[in-house]
Amino acid sequence: MPTILLLVASNIFMTIAWYWHLKGGMAKPLLLVILISWGIALFEYCLAVPANRFGYAAGWSGGQLKVTQEAIALLVFGIFMVTVLGEPVGWRHLGALVCLVGAVAFLFAGK
């Protein structure tokens with residue numbers, strides 16, 4: 001459970017680091033946006049590295065950690081996309097989420 005919670009928290013920071021400037025920050029100089037994003041991403045790394053270390057120590061494979069992280073990342077981004085960017089969710093988004101959940105299930109099957 002600590003692995004999942006840390007991955008969720010790290011993905012929140014990473015989504016903000018990558019996409020915050022699309023809503024209201026487009027007028028800022030690109031170099032400034034990059035530096036601010038690096039500062040935000042530092043917190044992501046401080047959460048992602050322990051998440052992967054704890055998960056690996058608990059018996060998760062590298063593949064399981066990565067595909068779980070990707071599924072969480074897209075779920076977090078989906079929420080950000082709707083709430084911050086104001087973009088709608090369509091059937092393609094939901095289909096992609098189902099495929100990702102399937103990928104996670106395949107990597108954890110039989111374990």
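The largest pocket has a volume of about 280 Å³, in a model that is predicted. Its lining comprises 16 residues, and those that lie nearest the pocket centre are Asn11, Met14, Trp18, Gln69 and Ala73. Helix H1 (2–19), helix H2 (30–57) and helix H3 (62–83) are the elements that each give two or more residues to this lining.

The second largest pocket, with a volume of about 240 Å³, receives two or more residues from each of H3 and helix H4 (91–108). H3 gives the most to the lining of this second largest pocket, contributing six residues. Among the residues that line the second largest pocket are Leu74, Phe77, Ile79 and Met81, together with Val89, His93, Leu97 and Leu100.

The make-up of the two linings by class is set out below.

| Pocket | Nonpolar residues | Polar residues | Charged residues |
|---|---|---|---|
| Largest pocket | eight nonpolar | five polar | three charged |

Taken along the principal axes, the C-alpha atoms fill a box of roughly 50 × 35 × 20 Å. Of the contacts with a separation of 6 or more, 75% are accounted for by residues 24 or more positions apart.

Buried residues make up 32% of the 111 residues in the protein, and the protein exposes about 7200 Å², of which carbon and sulfur atoms supply 77%.

Conventions: Residues numbered from 1 in each chain as written. Predicted model: local features only at pLDDT ≥ 70, side-chain atom pairs only at ≥ 80, totals over all residues. Heavy atoms only, no water. Buried < 20%, exposed > 50% of the residue type's maximum accessible area, 1.4 Å probe, protein only. Contact = heavy atoms within 4.5 Å. Areas by Shrake-Rupley, 256 points an atom, 1.4 Å probe, with all protein chains shown as cover. 1 Å grid on protein atoms, 1.4 Å probe; cavity = no way out; pocket = protein on both sides within 12 Å on 5 of 7 lines; lining within 4 Å. Points joined across faces, edges and corners; volume = space filled by probe spheres on them. Helix = DSSP H or I, 4+ residues; strand = E, 2+ residues; numbered from the N terminus. Nonpolar A, V, L, I, M, F, W, Y, C, P; charged D, E, K, R; others polar.
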